[in-house]
Amino acid sequence: MGQNRLIAGLVVVAIVLFAGAPFVIDAAPYESTMGLIQKIFYFHVPSAMVMFASAFVCGIASAIYLARRTPGSDRMAIAGAELVVVFGIIVLVTGPLWARKAWGVWWDWGDVRLVTSLVLWLIFVAYTLLRRFAGPGSDVLAAAVGVFGMANVPFVYWSVNVWRTLHPKTTVVRTLSPEMRFPFYWCLAAFLCLYVALLLLRVRLERSKSTLEAVYAELED
Amino acid sequence: MTNVRWKMFNVRWVAAVAVCVAAVSTAVLAQQPPAPEGFIPMSEVTNREVLPAAPLVFYAYAFVWVALMGYLWVIWRRIGQVEQDLSAVTRRLNQGREGR
């Protein structure tokens, strides 16, 4: 019951923050070279940050599962992986919308950040497909994929500093002006609140599913 | 005689290479825009692609809303179905135990 309240509270806070986001973003100044299109930054970067965080949640939970075989960590890993896919779709859709106006192209295969982000997303798609279709024993294999996916995150993050292409460097968030920083953290808070709520809900779904399977097994006996 | 044939072969070969070079360079030059006679004011450029930013920002924001709220709704529905099944099966199990 306490968790239900927490989830409901987080969802309400997230919806309020998302509803207020256009007004807060509108109040932020225009970036000097990109103008209005730069405002996609306020959804694109927080969703990428949440995607990375979720990859770490999945990777750490998978490592715990590989070491101890605790069902709780497996459920957390499943939830984390699915949320990497969901937030990854947002990153991979909002990014090209921004790029089309700012760079003149939807996608650039020469940009290492774009390609590594796509690879990271595909690794977690592979994880969810493994859990869905690979049958018994897929949990251990998927856990290894989850750890591998997490290991990719630093490469995606630092790729812009190592291979200088179209993407701005990682220093862009640290060097934001105060007028741009406020809407950024507003949107980040909205994404994080919704992420935690979705993670808790997804873990609860897995727990309910395993309880249902156990009850079915008992009924058959 | 052999010397004349050899010379003819060389001439044909050089002519073929020259034609190929001319054809390729014509195609390459045809793709290049003509050199400007002088500076052109920005206001006189007519065929510039102007892509409005506002719809792209709107699509991005709308996509975020649809994706996240859609996923939230799907998860909520799946939890509702599983928990409904769970309560039904638990009831059957309890009835079976009472019957014994």
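In the predicted model, buried residues account for 49% of the 221 residues of chain A. In chain B, buried residues make up 16% of the 100 residues.

Chain A contains six helices and zero strands, and its elements follow the order α-α-α-α-α-α from the N terminus on. Along the principal axes, the C-alpha atoms of chain A fill a box of roughly 70 × 40 × 25 Å. Among the contacts in chain A with a separation of 6 or more, 75% are between residues 24 or more positions apart. The secondary structure of chain B consists of two helices and zero strands.

Several individual positions in chain A were examined. A:Gly59 is part of helix α2 of chain A. Its relative accessibility is 0%, and A:Gly59 therefore counts as buried, the limit being under 20%. When neighbours within four places in sequence are left aside, A:Gly59 is in contact with A:Gly146, A:Val147 and A:Met150. A:Gly59 and A:Arg207 are separated by 148 residues in sequence, and their C-alpha atoms are 19 Å apart in space.

A:Gln38 is found in the loop between α1 (2-27) and α2 of chain A. With a relative accessible area of 5%, A:Gln38 is buried. Not counting residues up to four places away in sequence, A:Gln38 touches A:Glu31, A:Trp98 and A:Met180. A:Arg69 is located in the loop between α2 and α3 of chain A. The phi angle of A:Arg69 is near 60 degrees, a positive value in a residue other than glycine. A:Arg69 counts as partly exposed, because its relative accessibility of 45% falls between the limits of 20% and 50%.

Aromatic side chains form 13 pairs over all chains. In one of these, the rings of A:Tyr157 and A:Trp158 have centres 5.5 Å apart and planes at 75 degrees, so the pair is edge-to-face. The angle decides this class because planes over 60 degrees apart count as edge-to-face. A:Tyr157 is partly exposed, with a relative accessible area of 34%. A:Trp158 is likewise partly exposed, at 49% relative accessibility. One aromatic cluster includes residues of chain A and chain B: A:Phe18, A:Phe87, A:Phe191, A:Tyr195 and B:Trp65.

Pockets were also examined. The largest pocket holds about 720 Å³ of space. Its lining consists of 34 residues, and those nearest the centre of the pocket are A:His44, A:Val45, A:Arg113, A:His167 and A:Pro168. Four helices of chain A each supply at least two residues of this lining, namely α2 (41-68), α3 (71-102), α4 (112-133) and α5 (138-162). By class, the lining of the largest pocket comprises 24 nonpolar, seven polar and three charged residues.

The second largest pocket has a volume of about 340 Å³. It is lined by 17 residues, with A:Ile78, A:Thr128, A:Arg131, A:Arg132 and A:Lys209 nearest its centre. The elements of chain A that give two or more residues to the lining of the second largest pocket are α3, α4, α5 and α6 (178-220). The largest share of this lining comes from α4(A), which supplies six residues. The lining of the second largest pocket divides into five nonpolar, four polar and eight charged residues.

Conventions
Residues numbered from 1 in each chain as written. Chains lettered and ligands numbered in written order. Predicted model: local features only at pLDDT ≥ 70, side-chain atom pairs only at ≥ 80, totals over all residues. Heavy atoms only, no water. Buried < 20%, exposed > 50% of the residue type's maximum accessible area, 1.4 Å probe, protein only. 1 Å grid on protein atoms, 1.4 Å probe; cavity = no way out; pocket = protein on both sides within 12 Å on 5 of 7 lines; lining within 4 Å. Points joined across faces, edges and corners; volume = space filled by probe spheres on them. Nonpolar A, V, L, I, M, F, W, Y, C, P; charged D, E, K, R; others polar. Contact = heavy atoms within 4.5 Å. Phe/Tyr/Trp six-rings, centres within 6.5 Å; stacked < 30°, edge-to-face > 60°.
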